[in-house]
Amino acid sequence: MRRSSFIPYKAPLTEENLPDQAGKVFIVTGGSSGVGLELARILYQHNATIYIATRSEDRANEAIADIKKSQPSSKGQLVFLKLVLDDLTTIKASAEEFLAKESRLDVIWNNAGVMTPPQGSKTKQGYELQVGTNSLGHFLFIKFLTPIILETAKTAPKGSVRIVWVSSVSIDFGPKPAIDFDNMDFKRDEDPQSKYNRSKSGNLIHAAEFQRRYPDSGVVSTSMNPGLLKTGLQRHFSPMQKFQIKLIARPAKFGAYTELFAGLDPSVTEEDKWITPFGHREAPRQDIIEPEQCRKYWEWCEEQVKPYL
């Protein structure tokens, strides 16, 4: 059991000491609520350009209005970017919209996700909803954005251009092996929490495998556990689970501190694959990032998204 899972380290990077981010361009998927909203608020406070990538324009506009009201002196920009992660046919258009507007991308936080939805929930293409949204959807989005990420890294300070694949504390307690390649379609059904753990293990795998595939790019690809937090992700929890979360979880802003550290703290390097609350570098569960498993999972994802490139 990790100390950081239940007794988090103090956040070394917060809205109080984050340097000015003027001139930088960021994407926060799921940035209209929860941790993503609080992260976008901090980034905007420090004059960044932030694309809030989410499915609902109305909710994004409400978030943008709220952030602007709370940070009236900011010189930053907040932009809605439509992103529907559970429909792979839409993701190319989302990436193209961003690429038409920007010539750089400094950091993307793959923050959006779904957790323990009703059993049997699926994406538009028929994938289990958590695997399809949390893992495959982000994987395809990053494939379209990889050229601009690599290009930005050529002129930005080494290690400052990053992909943050937001995972979860739950993968430390997830199944072994983390990926069951004989049951990717879940014909042998599993409980929703197990499926969630597998989808979030996929985020860590993508972080590690991207780094292996682009070793000299100057890009940092890392994953993280934001912490035990009170967010809308728990809307499908049982009453008992919600009660337990209420007792032990922290406000969403603390998860934003973990994401802030993973994305912007200069101490994080290409060697750091796992960031824990609320900004601490640790080793990930080693069986999850075993090279052969990472390669197989990446190639499985590539095969699934091929029709949508």
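A: Start with C301. The sulfur of C301 lies 11 Å from the closest cysteine sulfur, in C294, which is too far for a bond. A disulfide is a covalent bond between the sulfur atoms of two cysteines. Here a disulfide means a pair of cysteine sulfur atoms within 2.5 Å. By this rule there are 0 disulfides. C294 is therefore in no disulfide, with the nearest cysteine sulfur, that of C301, 11 Å away.

C301 is buried, at 0% relative accessible area. C294 is buried too, with 0% relative accessibility. Buried means under 20% relative accessible area, exposed means over 50%, and partly exposed lies in between (1.4 Å probe, protein chains only).

A word on the source. This is a predicted model, in which local features need pLDDT of at least 70 and side-chain atom pairs count only at pLDDT 80 or more, while totals for chains, interfaces and linings use all residues. Residues are numbered from 1 along each chain as its sequence is written, and side-chain values use heavy atoms, without hydrogens and water.

A cavity is a set of points on a 1 Å grid over the protein atoms alone where a 1.4 Å probe fits but cannot get out; lining residues have an atom within 4 Å of a point. The count is 1 cavity of 30 Å³ or more. The largest cavity has a volume of about 90 Å³. Its lining includes V131, D180, R198 and Y297.

Technical notes:
On a 1 Å grid over the protein atoms alone, a cavity is a set of points where a 1.4 Å probe fits but cannot get out, and a pocket is an open set with protein on both sides within 12 Å along at least five of seven lines; lining residues have an atom within 4 Å of a point. Grid points are joined across faces, edges and corners, and a volume is the space filled by probe spheres set on the points.
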